[in-house]
Amino acid sequence: MNTTLLIQLARVFSVLSLVSIGGVNATLPETRRQVVEVHGWMTNASFADVFAISHAAPGPNIIMVSLIGWQLSGLVGLLVATLAIMAPSCMLAFVVSRVLGRWSDHPRIALLKAGLVPVALGLILASGVSMMRAANQDMIAVAISLLTAGFVVTSARNPLWALTAGMLVNVAAWRFF
Amino acid sequence: MDGHTGGLQRGAGGQVVSKSDLFFGFLKIGMLGFGGIAPWARHVIIEERRWLTEKEFAAILGVGQILPGPNTMNAAVMIGDRFQGVAGVLLCLLGQMLVPLFIVTALGAIYGRYANIPWVSAAVVGAAAGAAGLVMGTGLKMARKIKPAPLAILVTVAAFFAEGIMEWPLVPVVLVLVPLSVIAAAMERRV
């Protein structure tokens, strides 16, 4: 086992953890620079593969970092990279959670929370649009996106139904057109 | 408020949210979480189990958004702490990561072999398009249920425009919009 590599993995990803405001997608350029250029752990092409695979899997997008650890150093690499990207930001969130809990009766904290709600709403809608931009190559894909959005808005049913339908429709469209 | 000790708050329906509720709830969220976790977190936490109200969930996501790290991971920390303290935090995080870690390593192992089959890539594109719709639908549904005041709608539209249309860097956008939004919230309250 390569201890130097593991230490480097831990250092690179724990620093990225603390600057990744907006999640791992926001730090994608910096992650690529560290992994491909600074440390030469991967080629550009294999980094692109890791990105695609981790976005096809369910779960938080930081599993991309886990997969990088896995490819470089197996199970130990996966654990080190995952803990490094999670621990610093989670500890900070924990401290903030306690502070907000203690002061949640304070009118200023209540105002801050009220102010965050509309910003969070706008950012969720925005990430839907940028995902659409990345995924949609034709009219059928656009229709799938819009119909899925309609399903979610009008129904409390499990959205997995809509996702499965979208997948089948696109495979059928590929087969028959 | 007993929030300062962390843990042991009641759910939105007045129920106790136990450690195993948290673990299995987040296991489900992680397992279903195709195309991002937030829509699934909302579905399970609000519609299925009624742990939080729509507003509480949006506020937690909002705090999660301005901290480093994925907003849903920060939300998992805050939700775990709210109901079961430190043990709740660890259980939420473990639950959320467990299944995705298995799936991503399995995908990594078989990817090279199947990526070039056309129906596989058609299925992946279909799922990705659906996931985009899922995220948008979730945002619209939250907006409909929260019924933001007029100034708050303006902030939502501004955030959407800055990130979704212009794709400006997130940090300055948040630094400008959050203070404006707080001022707007203060004004709405006074009227």
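Good morning. I begin with a residue in a loop: Arg50(B) sits between α2 (38-48) and α3 (54-66) of chain B, where helices (H or I, at least four residues) and strands (E, at least two) are DSSP runs numbered from the N terminus. This is a predicted model, in which local features need pLDDT of at least 70 and side-chain atom pairs count only at pLDDT 80 or more, while totals for chains, interfaces and linings use all residues. Residues are numbered from 1 along each chain as its sequence is written, with chains lettered from A and ligands numbered from 1 in the order in which they are written.

Arg50(B) is not a glycine, yet its phi is positive, near 55°. Most residues other than glycine have a negative phi. Is Arg50(B) buried, partly exposed or exposed? It counts as partly exposed, because it has 14 C-beta neighbours inside 10 Å. By definition, a residue is buried if 20 or more other C-beta atoms lie within 10 Å of its own, exposed if 12 or fewer, and partly exposed in between, with C-beta atoms placed from the backbone.

Lys147(B), also not a glycine, has a positive phi of about 50°. Its place is the loop between α5 and α6 (150-165) of chain B. Lys147(B) has 10 C-beta neighbours inside 10 Å and therefore counts as exposed.

I turn to chain B as a whole. It has 7 helices and 0 strands. Of its 191 residues, 52% are buried. The C-alpha atoms fill a box of roughly 60 × 40 × 25 Å along the principal axes. Among contacts in chain B with a separation of 6 or more, 60% join residues 24 or more positions apart; two residues are in contact if their C-beta atoms, placed from the backbone, lie within 7 Å.

Next, the contact between the chains. Helix α6 (residues 139-154) of chain A packs against helix α5 (residues 118-146) of chain B at an angle of about 40°, their axes 7 Å apart. Axes are lines fitted to C-alpha atoms, for helices over the stretch in contact, and angles run from 0 to 180 degrees between N-to-C directions. The residues making this contact include Phe151(A) of α6(A) and Met136(B) of α5(B).

Finally, helix α4 (residues 63-102) of chain A has a kink of about 150° centred on Ser73(A), the bend being the angle between axes fitted to the seven residues ending there and the seven starting there.
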